[in-house]
Amino acid sequence: MKVLLATQKPFAAKAVSGIREILEAAGHELVLFEKYAEQSELVAAVADAEALIIRSDKVTAEVIAAATKLKIVVRAGAGYDNVDLEAATKAGVVVMNTPGQNSNAVAELAIAMMIFMCRNQFTPATGTEIEGRTIGIQAFGNVGRLVGAKAKALGMNVKAIDPFLTAEQIAAGGAEPVTDLKELYAGCDFVSVHIPATPQTIGSIGYELITSMPKGAVLVNTARKEVIDEAGLEKALEERPDLKYVTDVMPDNYAVLQEKFGLRVFATPKKMGAQTAEANVNAGLAAARQIAAFFATGERKFQVNK
Ligand code: 3PG
């Protein structure tokens with residue numbers, strides 16, 4: 001089978017060679033399609049692909065329609081909001097993710113971002129410490145749990161909310177369970193966001209939640225930019241000069257935020273949470289193994305469009 005590795009943001013060379021090894025050992029051919037500039041190039045590149053490995057690359061209905069031989073798409077990573085699941089399902093294409101494989105990299109970045117903002121973006125102005133302070137984790141999944149464990153090890157108090165977990169499950173994961181989102185925001189010096197972008201979550205974090213945070217609080221977003229109501233965030237930062245926002249997913253209004261709020265806001269130039277050699281290898285090799293298993297035995301454990 002022809003497997004296309006389509007990554008606008010390429011994997012580390014070690015991950016690519018590992019992917020190649022797994023696929024070739026299983027009798028498949030790996031074709032690299034990296035650093036492309038236009039979506040139209042992806043549409044053209046998928047023409048004869050039977051399997052596709054992607055990262056945040058956009059697998060739209062147009063891509064699915066152009067990929068007439070496509071049987072499987074594996075999103076090497078967690079979030080699959082970049083794949084048109086409905087179009088894939090209609091076309092009989094199986095879509096999978098590789099949950100957990102890049103979580104540690106994202107969790108480490110969330111912790112780093114928190115300290116970076118407490119230390120005023122590493123400028124000499126007097127900062128604050130995180131020890132003894134409280135972090136609220138919004139969604140206690142693979143990344144959220146790791147952020148919680150790391151925060152605890154740094155001497156923080158950890159609270160968490162997750163609509164898909166019981167209070168007992170959250171407590172077993174080492175966090176104090178919170179059931180009301182506003183209570184989480186109101187009771188935490190930091191909130192670290194780990195929710196996916198879904199119709200229910202898009203634009204769900206805005207003025208009301210952000211302004212309910214205590215004095216000097218920092219909102220950390222390593223999830224998706226779409227979950228933030230950007231106008232609400234701007235208004236909140238305007239009214240509350242003590243609040244800060246740091247994100248690995250650049251808001252559309254970042255230029256305005258930077259101009260208005262200076263060191264109180266920071267966004268990475270390109271999403272880098274999962275961009276470590278380790279995460280690239282973990283997620284990339286998992287994707288290759290899942291494709292090999294799918295073609296060998298029909299294994300669909302991580303299918304997300306059931
Ligand atoms: C994910 O959903 O796994 C992360 O957002 C990583 O995305 P990336 O592969 O584009 O870095």
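How many disulfides does the count come to? I worked from a predicted model, and the count comes to 0 disulfides.

**Cysteines.** I looked up the sulfur of Cys118 and found the closest cysteine sulfur, in Cys188, 14 Å away. A disulfide requires the two sulfur atoms to lie within 2.5 Å, so this separation is too far for a bond. Cys188 is accordingly in no disulfide. I then checked accessibility: Cys118 is buried at a relative accessible area of 4%, and Cys188 is buried at 0%.

**Arg119.** I located Arg119 in the loop between helix H5 (103-118) and strand S6 (134-138). I recorded a relative accessible area of 41% for Arg119, which makes it partly exposed. Leaving aside residues up to four places away in sequence, Arg119 touches Gly127, Thr128 and Glu129. I also noted that the C-alpha atoms of Arg119 and Phe294 are 47 Å apart.

**Largest pocket.** I noted a volume of about 1,200 Å³ for the largest pocket. Its lining has 47 residues, and those closest to the centre are Ala78, Gly79, His194, Ile195 and Pro196. H5, helix H6 (142-153) and helix H12 (277-297) each give two or more residues to this lining; H6 gives the most, with 4 residues. I sorted the lining into 21 nonpolar, 17 polar and 9 charged residues.

**Second largest pocket.** I found about 830 Å³ of space here. Of its 26 lining residues, Ser56, Lys58, Arg224, Glu226 and Lys271 are the closest to the centre. The lining divides into 7 nonpolar, 6 polar and 13 charged residues. Domain 1 (2-101 + 275-297) and domain 2 (103-267) both give residues to this lining, so I placed the second largest pocket between them.

Key: Residues are numbered from 1 along each chain as its sequence is written. This is a predicted model: local features need pLDDT of at least 70, side-chain atom pairs count only at pLDDT 80 or more; totals for chains, interfaces and linings use all residues. Side-chain values use heavy atoms; hydrogens and water are left out. Buried means under 20% relative accessible area, exposed over 50%, partly exposed in between (1.4 Å probe, protein chains only). Contact means heavy atoms within 4.5 Å. On a 1 Å grid over the protein atoms alone, a cavity is a set of points where a 1.4 Å probe fits but cannot get out, and a pocket is an open set with protein on both sides within 12 Å along at least five of seven lines; lining residues have an atom within 4 Å of a point. Grid points are joined across faces, edges and corners, and a volume is the space filled by probe spheres set on the points. Ala, Val, Leu, Ile, Met, Phe, Trp, Tyr, Cys and Pro count as nonpolar, Asp, Glu, Lys and Arg as charged, and the others, Gly among them, as polar. Domain bounds come from an automatic or database domain assignment.
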